[in-house]
Amino acid sequence: MRLKTSFAAALLAATMLSGAASAKTFVYCSEASPEGFDPGLYTGGNTFDASAHPVYNRLLEFKKGTTETEPGLAESYEVSDDGLQYTFKLRPGVKFQTTDFFTPTRDFNADDVIFSYERQWKADNAWNKYVEGASWEYFAGMGMPELLEKIEKVDDMTVKFTLKRKEAPFLANVAMPFASIMSKEYADKLQADGKMNQLNQMPLGTGPFTFVGYQQDAVIRYKANADYWGGKQPIDDLVFAITTDAAVRYQKLKAGECHLMPYPNAADVAAMKADSNLKVMEQEGLNVAYLAYNTTQAPFDKPEVRKALNMAINKQAIVDGVFQGAATPAKNPIPPTMWSYNNAVEDDKYDPEAAKKMLEDAGVKDLSMKVWAMPVARPYMLNARRAAELIQSDFEKIGVKVEIVSYEWAEYLDKSKAKDRDGAVILGWTGDNGDPDNFLDTLLGCDAVGGNNRAQWCDKEFDDLVTKAKEASDQAERTKLYEEAQVVFKKQAPWATLDHSLAVVPMRANVEGFVQSPLGDFTFDGVDIKE
């Protein structure tokens, strides 16, 4: 009942905000609460959906429905002949949002760009530790601190990035959510008032929607930014009705209480397609689900133990039981739709008897372990609890006892990063920029240990390959290096690769302008409701 009450209150508030009963209110039944509203601090897609996409912009943006970049807050850029300098010409006349809590006195300029990057980069920056435990997980995990030489303000509308080495995916990286541009003027005011934490609670940017308010675990409210440089949105008010249960999201969608929902139960998709009041979008997901062992903890520090456990997992049963077949078993850490996917890699064969013998040969007896199950549905794993139960059953067949554990989503993401974490964690990834580096280095590179690298796996051979790949400018050369890296990954087995899923997005039939993203984003600029 609490969610229904909150939802009704949100609709009423949204209508009142518009000042007219005829205002268009779009309701998105989101799957989880955001960890916060500063996208630089987090890596969760639902957090980006609630912060980076509605409120903020980046220097470059991803063209709708693609992994190609296009101008954002930068109108154009130039790259030096040696590939080490990127000079961005900024878009003039861009306004920061005016809210109840802050009124900007100037337009967007180079100071905002430099502030947005340096707070994540420099330990002596006043904002580097403004939130307890801030690790700038994405910025650090992608090796940005080691990559950047300097960022300079050429003039108010020009910024120059100088790199220490070539970085092929650099332009795609600056279009990612962690690189969202904040208002330095707003940050300075919060710092002067002793309210720095507000930056993560009351966001203010240049994006299509202005943040209005957040009721914890229930509702987030936004209104169309009337001063948006891309033009005012067709909808007046945007409401995130946080609804963690997929069945309840579906009920709300059928009842017209929300216009669009993520991550339906696989068993409900056929009925959704048959409902004339709904329409369903589908595309191959640029994603992977995995079970990450902590490779620093015995006996998971032995590749042969990890390989044995991988051979015990019936991945087809997970695909059938969790996705009703709307997924494929995964053998590589990148999806088959991504360039450089190594199809020649042979998957670990499902063979419980061979797995049992391999454990015995490794001297492992009476093994007890924990398997962590996510509490929320994600595109790559619709029901982690069910997947964990199937893995539990598989491991029991080879004499391994499994305890399934879980935590609230933000806590789950935080605790699973710990270098001394026990057991193996179910997680996954949807690509953020369409580059293999965003999987292979971001999730498995040495820089990402203690962050996105939940396996805590630092392998020199693998790391050297992916580092060389992102320094190379020729895609054929990069492909060869990434293919070799996938061979190393399979041999060392820091994960059990589980599945690549089909991304399914159901919505009301009168929703117009929504474009499904290969990056798994839910963005509502350009979306309208047909009268």
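The largest pocket holds about 480 Å³ of space, in what is a predicted model. Of the 29 residues lining this largest pocket, those closest to its centre are Glu61, Phe62, Lys64, Thr523 and Asp525. The elements that contribute two or more residues to the lining of the largest pocket are β2 (60–62) and β3 (69–71).

- The pairing of β1 with strand β10 (residues 237–241) runs in the parallel sense and extends over 4 bridges, and Tyr28 is found opposite Phe240 of β10.

**Helix α8 and its ends**

- Within helix α8, which spans residues 184–192, the residues Glu185, Tyr186, Ala187 and Leu190 are buried, and the buried residues of α8 pack against α4 (110–121).
- An α-helix has 3.6 residues a turn, so residues three or four places apart point the same way.
- The N-terminal end of α8 is capped by Ser183, a side-chain oxygen of which lies 3.4 Å from the backbone nitrogen of Glu185.
- Just after α8, Gly194 adopts a positive phi of about 70 degrees.

Technical notes
Residues numbered from 1 in each chain as written. Predicted model: local features only at pLDDT ≥ 70, side-chain atom pairs only at ≥ 80, totals over all residues. Heavy atoms only, no water. Buried < 20%, exposed > 50% of the residue type's maximum accessible area, 1.4 Å probe, protein only. Contact = heavy atoms within 4.5 Å. Polar contact = N/O pair within 3.5 Å; in protein donor to acceptor, adjacent residues only side chain to side chain. Pairing = 2+ DSSP bridges. 1 Å grid on protein atoms, 1.4 Å probe; cavity = no way out; pocket = protein on both sides within 12 Å on 5 of 7 lines; lining within 4 Å. Points joined across faces, edges and corners; volume = space filled by probe spheres on them.
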